[in-house]
Amino acid sequence: MSANGHSADGAPTDQRSVFFFDIDNCLYPKSYKIHDLMGVLIDNYFQNHLGLTQDDAETLHQRYYKDYGLAIEGLARHHRVDPLEYNRLVDDALPLDGLIKPDPKLRQLLENIDRTKIKPWLFTNAHITHGQRVVKLLEIDDLFEGITYCDYTVQPLLCKPAVAMYDKAMRESGAQNAADCYFVDDSMINIIGSKKYGWKSVHLVEPMSTSPPQPVGHFQIAGLEELRHCFPEVFKKP
Ligand SMILES: [Mg+2]
């Protein structure tokens with residue numbers, strides 16, 4: 001069997017459904033405020049590399065985030081910024097070691113996934129270095145079968161919610177049908193995109209976050225534990 005779950009004649013051998021998990025602010029809570037820390041480093045980067053005032057840096061950062069799903073995509077598109085340097089100075093510079101800690105309940109939840117039916121897969125808009133670092137700190141890196149990430153070495157950058165990014169995740173994970181795929185993410189635009197794409201989409205909105213006026217996914221949950229109720233078929237029977 002090849003890495004993509006196809007036999008020599010091209011027929012799929014691994015018929016399992018894929019469950020895609022976003023990483024940041026999804027596998028660890030927003031209350032860790034890593035998003036805020038990252039925001040400070042991103043604004044610093046905008047100020048130092050584009051010569052902007054703090055206010056202008058913040059405005060531009062938010063605009064790119066809204067337009068592209070990632071600040072770096074706007075930077076790379078409009079300012080010829082090197083994404084790898086940005087990754088080094090922003091994501092990889094985050095002081096995560098004391099911040100992100102293993103969560104026994106999360107580990108239990110992931111361990112309870114029925115792996116005979118479901119392939120757990122990471123799906124992040126971060127570069128591979130950041131994604132791997134976070135799941136290692138959470139001590140759950142052994143519970144996923146792979147990762148689809150935003151490759152900062154390839155331009156233009158491809159990230160959620162671009163349709164081609166969902167295509168990439170399907171291809172890399174060996175998923176057969178969009179309708180059989182599950183996905184949880186804290187980002188509204190990513191969930192709008194994935195639902196349109198045909199995935200069973202769950203929007204994680206923690207109690208401290210602002211809820212959209214109308215739910216955007218098939219389910220809206222306040223914590224990952226609720227996935228057990230959304231999709232009982234995903235988990236092993238007790
Ligand atoms: Mg996220």
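Visitor: What should I know about the model before I start?
Guide: It is predicted: local features need pLDDT of at least 70, side-chain atom pairs count only at pLDDT 80 or more, and totals for chains, interfaces and linings use all residues. Residues are numbered from 1 along each chain as its sequence is written, and side-chain values use heavy atoms, with hydrogens and water left out.

Visitor: Into which domains is the protein divided?
Guide: Domain bounds come from an automatic or database domain assignment. Here, domain 1 covers 17-30 + 101-234, and domain 2 covers 34-97. Their C-alpha centres lie 23 Å apart. Contact means heavy atoms within 4.5 Å. By that rule, 18 residues from domain 1 meet 21 residues from domain 2.

Visitor: What area is buried between domain 1 and domain 2?
Guide: Buried area is the accessible area (1.4 Å probe) that two parts lose on being put together, summed over both. Between these domains it is about 1,600 Å², and carbon and sulfur atoms give 60% of that. On the domain 1 side, R133, Y152 and L157 supply 36% of the area buried against domain 2, more than any other three residues.

Visitor: How many salt bridges does the rule find across the interface of domain 1 and domain 2?
Guide: Side chains of opposite charge can pair when their charged atoms come close. The rule asks for a side-chain nitrogen of Lys or Arg within 4 Å of a carboxyl oxygen of Asp or Glu. One salt bridge crosses this interface. D97 and R133 also meet in a salt bridge, at 3.6 Å, N to O.

Visitor: Which helix gives the most to the side of domain 1 that touches domain 2?
Guide: Helices (H or I, at least four residues) and strands (E, at least two) are DSSP runs, numbered from the N terminus. Helix α6, residues 128-137, gives the most, with five residues.

Visitor: Which residues are buried in α6?
Guide: Buried means under 20% relative accessible area, exposed over 50%, partly exposed in between (1.4 Å probe, protein chains only). In α6, the buried residues are I128, H130, G131, V134, V135 and L137. They pack against α1 (34-50), β2 (118-123) and β3 (147-148). After the helix comes E139, with a positive phi near 55°.

Visitor: Where does T124 lie, and is T124 buried or exposed?
Guide: T124 sits in the loop between β2 and α6. T124 is buried, at a relative accessible area of 1%. Its side chain reaches the backbone nitrogen of A126 at 2.9 Å. Leaving out residues up to four places away in sequence, T124 touches several others, including D22, D24, Y149 and K160.

Visitor: How many salt bridges does a search of the whole structure find?
Guide: The search finds 13. One joins K30 and D186, with the closest N and O atoms 3.4 Å apart. K30 is in the loop between β1 (17-21) and α1, and D186 is in the loop between β4 (182-185) and α8 (188-197), so the pair ties together parts 156 residues apart in sequence. K30 is partly exposed at 26% relative accessibility. D186 is buried at 16%.

Visitor: Which residues are linked in a network of salt bridges?
Guide: D14, R16, R115, K119 and E145 are linked. Within this group, E145 pairs with R115 at 3.1 Å.

Terms used
A polar contact is a pair of N or O atoms within 3.5 Å; within protein, one must be able to donate a hydrogen and the other to accept it, and residues adjacent in sequence count only if both atoms are side-chain atoms.
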